[in-house]
Amino acid sequence: MKPYQNELRDIWDWKSPVRCSGHRILEPIPAEIYLMIFDYLRARSDHYGLGKTAPKRFNDLRNLSLVCRYFCAEILPWLFESIIFHPISHKDAPGKDQMGYVSFCKSIERDENFARSLALRVKHCTMRDWVDVPKTIAQAFLNVHINVLPHMANLTTVLLSRMRLVPPLLTHIRRLSHLESLTIDCCDFEEIFPKHVQKLALKCKLKSFRLYHRNKEDIHRLDDSIAEEFIPLVMHLSELGTDNWRLIRTLISCDTPLSNLETLKIIFVEDLKPLCRYLYQLPALKSLTMDNIQSRRSHTPYLISVPLMANLRHLTCPPHLISSLTGLHKLASLSFATCQSDDILSALIRVTPTPSPWRDMSRLVELCLPYAFAVSILEHPNPARTEIGFAQLRTLIILLDECFLFRDWLHKDPARDSIIVSNEKTELYEFFQAMVQELYLPNVRSFSFRGLVKDWVWDKEETTDQWKLVEEDDDVY
């Protein structure tokens, strides 16, 4: 008798399904029809685990994959395209942690053909939330996952979040020849030394790299020598995101511009002036996000010259920088959606838009404003801004920040009391109409309020030219 693992067929070992009614064989259904059905049942996001209906769709597809080998061969690769390794608490035994995909990983270790062929279809792998699990238990479970990474040879994306990094994990990651994106978010570097990062940085040829700590204590625990070892990793990136100023500072001091960098997201800026000088040297930069800017404010603030970033089309920054931005005429998208809460919450006090910044925004296609900043525009009307307008703007997004909860205090002018009504939908729609009148938005086709609990979205119908509320559609079947 052959070993057990060899009795399991490869996932691609299947025959066309045969339709029967009793003993009578029916005409076969074309494969295209089956594929349309499968595609209809798929979750809207390519990464399962996102969205409200994803678990239900996942279970439906998994049950459908049990019908026959053809269904299995078509559906399981979708389900395993993105996998998440994280502790899962048992409902019947709170406090006990179980690891997702354990049986799948152990099947790979047992050299089962079915599991190994399926592992080759995994494109996105996430390991997260192990930092709260006792170290010895977490490491025992994680070792199972880490050891199967080499079998997922076609991985393009790896995300590590809230876990302890260990040298074997970085070793396996650097050997993934198709890896394009790596994210390290809120991870513990205690067991990682500069030599481990050095080997990773020299071997990996990534397009996207993100390194986030989320709090100052974690940043300080990351040694300068380790941060410097990431530099070879970022030299050929097209996307970089980080809140580690040491990494950015080292990058600036190297004085070697990243010629391929198109997207840059910096969540902590210690000194704006040297950063901007470096940004001016990035020829391919198209999208820039700057947040949590610590530069000291002075009576003559440093001006950020957008035209010196010739290809920049998308900019996200705190609201207080509006008076520092010059030459915005090439931007297609501008957003003040940042987490710098002190600037957002006090926007009414410290931000009074002047004609000069708005004059350069006539080519914007998308604009995103915090609610407080939008209110400040209405409370400080500017005739010049109405004349200039946002003629090309197609999408307006208002973020319902904490100031929205205190809007009764914000609307001191009795003339604006009509905006405050009991119906939130009506209130927001009238607020938008006030924005349209103040900024002159003749071509806006979509506006939305992204909120603390619910998102409200209105689209303008092409045929009737009327605004229609887009109802939330959680499920399509």
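I looked up S181 and found it buried, because its relative accessibility is 10% (buried is under 20% relative accessible area, exposed over 50%, partly exposed in between, with a 1.4 Å probe and protein chains only). This is a predicted model, where local features need pLDDT of at least 70, side-chain atom pairs count only at pLDDT 80 or more, and totals for chains, interfaces and linings use all residues. Residues are numbered from 1 along each chain as its sequence is written, and side-chain values use heavy atoms, leaving out hydrogens and water.

I placed S181 in strand β8 (residues 181-185); strands are DSSP runs of E, at least two residues, and helices are runs of H or I, at least four, numbered from the N terminus. Leaving aside neighbours within four places in sequence, I see S181 in contact with T156, T157, V158, L206, S208 and R210 (contact means heavy atoms within 4.5 Å).

I noted 12 salt bridges in the structure (a side-chain nitrogen of Lys or Arg within 4 Å of a carboxyl oxygen of Asp or Glu). E180 pairs with K207, with the closest N and O atoms 3.9 Å apart. E180 is in the loop between α8 and β8 and K207 in the loop between α9 (194-203) and β9 (208-212), so the pair ties together parts 27 residues apart in sequence. I count E180 as partly exposed, because its relative accessibility is 36%.

I also found D129 and R162 joined by a salt bridge at 3.1 Å, N to O. D129 is partly exposed at 24% relative accessibility, and R162 is partly exposed at 28%.
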